[in-house]
Amino acid sequence: MEEKVLDWETFTQVDMRVGTIEEVQEFPEARNPAYKLKVNFGEEIGIRWSSAQITLRYTPEDLLGKQIVAVVNFPPKRIAGFKSQCLVLGAVEGKDVVVLQTSTPVKNGLPIS
């Protein structure tokens with residue numbers, strides 16, 4: 001696999017933030033098994049919703065209260081009639097996804113750099 005090179009200026013345009021999952025809903029309308037996640041990114045960004053294909057490893061109860069890392073400056077994307085407003089990041093191996101989380105609680109909305 002050829003390494004893709006990303007310049008620093010482009011990387012700094014990706015706005016990754018820490019947020020806490022406040023609500024998890026089943027998403028049966030999605031083509032692939034997924035949840036709808038309500039994520040709180042603090043005062044500056046507020047609440048964002050995301051569709052995440054993370055049902056293989058996580059139950060809704062597992063996700064509630066978890067602090068995750070997401071990209072918050074992508075344009076909204078329609079998925080089966082649902083508006084996904086951020087991209088939850090994870091380590092992906094086939095259909096198995098491990099969500100990127102903080103190891104220690106931090107303030108919602110903190111940037112990742």
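This is a predicted model: local features need pLDDT of at least 70, side-chain atom pairs count only at pLDDT 80 or more; totals for chains, interfaces and linings use all residues.
Trainee: How many bridges join strand E1 to strand E2?

Mentor: Strand E1 (residues 16-26) and strand E2 (residues 35-40) run antiparallel and are joined by 6 bridges.

Trainee: What can be said of the side chains along a strand?

Mentor: In a regular strand, the side chains alternate between the two faces of the sheet.

Trainee: Which residue takes a positive phi in the hairpin of E8 and E9?

Mentor: Strand E8 (residues 90-93) runs antiparallel to strand E9 (residues 96-99), and 4 bridges join them. Alanine 91 stands opposite valine 98 in E9. The hairpin has 2 residues between the strands, and glycine 94 takes a positive phi near 65°.

Trainee: How are aromatic pairs read, and how many does the structure hold?

Mentor: A pair of aromatic rings is described by the distance of the centres and the angle of the planes. The structure holds 3 aromatic pairs. In one of them, the ring centres of tryptophan 8 and phenylalanine 11 are 5.3 Å apart and the planes lie at 40°, so this pair is tilted. Tryptophan 8 and phenylalanine 11 are 3 residues apart in helix H1 (residues 8-12), a separation of about one helical turn.

Trainee: Is tryptophan 8 buried or exposed?

Mentor: Tryptophan 8 counts as exposed, at 64% relative accessibility, while phenylalanine 11 is partly exposed, with a relative accessible area of 27%.

Trainee: What is the geometry of the pair formed by tryptophan 49 and phenylalanine 82?

Mentor: The pair is edge-to-face, because the planes of tryptophan 49 and phenylalanine 82 are at 85°, with ring centres 6.3 Å apart. Tryptophan 49 belongs to strand E3 (residues 47-52) and phenylalanine 82 to strand E6 (residues 82-84), so the pair ties together parts that are 33 residues apart in sequence. Tryptophan 49 counts as partly exposed at 22% relative accessibility, whereas phenylalanine 82 counts as buried at 12%. Ring pairs also bring in Phe27, which forms a cluster with Trp49 and Phe82.

Trainee: What is the volume of the largest pocket, and which residues are closest to its centre?

Mentor: The volume of the largest pocket is about 750 Å³. The lining comprises 29 residues, of which Ser51, Ala52, Gln53, Ile79 and Leu87 are the closest to the centre. By class, 17 are nonpolar, 8 polar and 4 charged. E3, strand E5 (77-79), E7, E8 and E9 each supply at least two lining residues, and the largest share, 3 residues, comes from E5.

Trainee: Where is aspartate 62 placed, and what does its side chain reach?

Mentor: Aspartate 62 is located in helix H3 (residues 60-63). The side chain of aspartate 62 reaches the backbone nitrogen of threonine 59 at 2.9 Å. Aspartate 62 is partly exposed, with a relative accessible area of 34%. From C-alpha to C-alpha, aspartate 62 and valine 39 are 14 Å apart in space, and they are 23 residues apart in sequence.

Definitions and conventions: Residues are numbered from 1 along each chain as its sequence is written. Side-chain values use heavy atoms; hydrogens and water are left out. Two strands pair if DSSP finds at least two bridges between them. Rings of Phe, Tyr and Trp (its six-membered ring) pair if their centres lie within 6.5 Å; planes under 30 degrees apart count as stacked, over 60 as edge-to-face and the rest as tilted. Buried means under 20% relative accessible area, exposed over 50%, partly exposed in between (1.4 Å probe, protein chains only). On a 1 Å grid over the protein atoms alone, a cavity is a set of points where a 1.4 Å probe fits but cannot get out, and a pocket is an open set with protein on both sides within 12 Å along at least five of seven lines; lining residues have an atom within 4 Å of a point. Grid points are joined across faces, edges and corners, and a volume is the space filled by probe spheres set on the points. Ala, Val, Leu, Ile, Met, Phe, Trp, Tyr, Cys and Pro count as nonpolar, Asp, Glu, Lys and Arg as charged, and the others, Gly among them, as polar. A polar contact is a pair of N or O atoms within 3.5 Å; within protein, one must be able to donate a hydrogen and the other to accept it, and residues adjacent in sequence count only if both atoms are side-chain atoms.
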